[in-house]
Amino acid sequence: MRMQFWKKTVEEIYHDNPPHQPVAIELWKAVKRHNLTKRWLMKIIDEREKNLDDKAYRNIQELENYAENTQSSLLYLTLEILGIKDLHADHAASHIGKAQGIVTCLRATPYHGSRRKVFLPMDICMQHGVSQEDFLRRNQNKNVRDVIYDIASQAHLHLKHARSFHKSVPVKAFPAFLQTVSLEDYLKKIQQVDFDIFHPSLQQKNTLLPLSLYIQSWRKSY
């Protein structure tokens, strides 16, 4: 019902008739002010609706598709708000969104496990002979770490691809991509603990993150 509400709301927003709901009204104002593309909003809703059954991703591509249609779509909208229409920026946004989706899936694994759920790609788990029960029991053997390594490596690869467009992306787009700082921070931390997804340090906040964001912004980088 929530998904149907938001589908209908987006349709009404683009017909200049938003419902009297605070979020919907603010979204309507943003659409009017920045001429936001309806397709990106609908992709987010449609993909979330498909994901409501809470099943594990069959493979890494399925996880990347989910990330592209949700996280990357948010970045495309952010670029539109910044007034940027650039192919290189779009390519960077696509890869950053995929990295964000993969890292979010990794970061949430202990929480999901506490609720008897595992969403990590099944193909990679099967490749290393790891079952969902291994994650529910918080096993820390090499096979489990290898699964996390493979998934984290894919996120790192997307981050690397996104940064390869650095010289071609308009500087005005860089604020939209500052999330790369927190993504890189998590990927470094998980490497330091030898890809132990349940290590307590991964659940701790990085108090220096605001400073890192400021430095990255000052350097005009992402």
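This is a predicted model: local features need pLDDT of at least 70, side-chain atom pairs count only at pLDDT 80 or more; totals for chains, interfaces and linings use all residues.
Residues are numbered from 1 along each chain as its sequence is written, and side-chain values use heavy atoms, leaving out hydrogens and water.

**Helix α9**
- α9 has 22 residues and reaches 31 Å from first C-alpha to last, close to the 32 Å expected at 1.5 Å a residue (1.5 Å times one less than the number of residues).
- Helices here are DSSP runs (H or I, at least four residues), numbered from the N terminus.
- Buried residues (under 20% relative accessible area) of α9 include Val 144, Ile 148, Ile 151, Ala 155 and Leu 159.
- The buried residues fall within an arc of 155° down the axis, so they line one face of α9; the arc is taken from directions from the helix axis to the C-beta atoms.
- Their cover includes α4, α5, α7, α8 and α10.

**Packing of α9 on α10**
- α9 (residues 142-163) and α10 (residues 179-192) pack at about 145°, with axes 11 Å apart.
- Axes are lines fitted to C-alpha atoms over the stretch in contact, and angles run from 0 to 180 degrees between N-to-C directions.
- Contact (heavy atoms within 4.5 Å) involves, among others, Ile 148, Ala 152 and His 156 of α9 and Leu 183, Glu 184 and Leu 187 of α10.

**Ile 215**
- Ile 215 is in helix α11 (residues 209-218).
- Ile 215 and Val 181 are 34 residues apart in sequence and 10.0 Å apart in space, C-alpha to C-alpha.

Notes. Helices (H or I, at least four residues) and strands (E, at least two) are DSSP runs, numbered from the N terminus. Buried means under 20% relative accessible area, exposed over 50%, partly exposed in between (1.4 Å probe, protein chains only).
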